[in-house]
Amino acid sequence: MPASMILAVVGLLYALLAGGLALLRREGLSLRFAVETLILTGIVVIAASLWGAACSPVVFLALLYVITMRVRLLVDMANTLARNGRHDAAAALYQFALRLWPDQTGQAIVHINQGVLALQQGQLDTAIETLQQTLDASSVHGYLGLKQECGCRFNLGVAYQRKGMETQAQAEFTRVLDVWPTSLYARRASTALQRLRKSAPPQEQEQTKPN
């Protein structure tokens, strides 16, 4: 099989696999991802056909992954910096990721992590606004996966709890349990709900008991 044909198959399989995984995660299909994958595949295939430019399928696959997943990779790097206390560097990487033309899901992922960073820094109003706006936008367009929605709602609940807005916090933790009851976020939300109910006044505890 000609090298150009092998590269074309690699590009097609990558698009199908990544698109299928996005559907399984409930993120929907990304037009930007599909267009970028097709353009990159076309460029490499044409170069291999016309000029005999050699490109290993493994190298091509790695190139596709880095370019199409650039925003998520930068978010992972920023999250590592944030966990190590380098908040300014993490914030700069989030902003840089937003300038790399992310699709709607990519933008939402960045905004969620910006909200979490604000929460870590004690900027509760900023965290609540950022996370709530992300959820509101997703409710209209529907591009948040299960993991992203649960993470967003859990951290929003934590922000509400730290701000003393326990009713709102309880609503978000409960929603996490409804969205993905077997997830790690659901276990954390369940623990947070138990703590909220134990700390509630006796009358309020009566009201929150299950039927």
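A: In what follows, Ala, Val, Leu, Ile, Met, Phe, Trp, Tyr, Cys and Pro count as nonpolar, Asp, Glu, Lys and Arg as charged, and the others, Gly among them, as polar. On that basis, the lining of the largest pocket comprises 18 nonpolar, six polar and seven charged residues. The model examined here is a predicted one.

The volume of this largest pocket is about 800 Å³. Its lining consists of 31 residues, and those closest to the pocket centre are Asp76, Asn79, Ile109, Asn113 and Lys147. Two or more lining residues come from each of α1 (3–24), α4 (70–83), α6 and α8.

The greatest contribution is that of α1, which provides seven residues. By class, the lining of the second largest pocket divides into twelve nonpolar, seven polar and seven charged residues.

The largest nonpolar core contains 28 residues, and Ile112, Leu119, Phe154, Leu156, Phe173 and Val176 have the most contacts inside it. At least two residues of this core are supplied by each of α6 (104–120), α7 (124–141), α8 (146–162), α9 (166–179) and α10 (184–199). The largest share, seven residues, belongs to α8. Apart from this core lies another, of 14 residues, including Ala90, Leu93, Leu100 and Val110.

How values were computed
Residues numbered from 1 in each chain as written. Predicted model: local features only at pLDDT ≥ 70, side-chain atom pairs only at ≥ 80, totals over all residues. Heavy atoms only, no water. Core = buried A, V, L, I, M, F, W, Y, C linked by side-chain atoms within 4.5 Å. Buried < 20%, exposed > 50% of the residue type's maximum accessible area, 1.4 Å probe, protein only. Helix = DSSP H or I, 4+ residues; strand = E, 2+ residues; numbered from the N terminus. 1 Å grid on protein atoms, 1.4 Å probe; cavity = no way out; pocket = protein on both sides within 12 Å on 5 of 7 lines; lining within 4 Å. Points joined across faces, edges and corners; volume = space filled by probe spheres on them.
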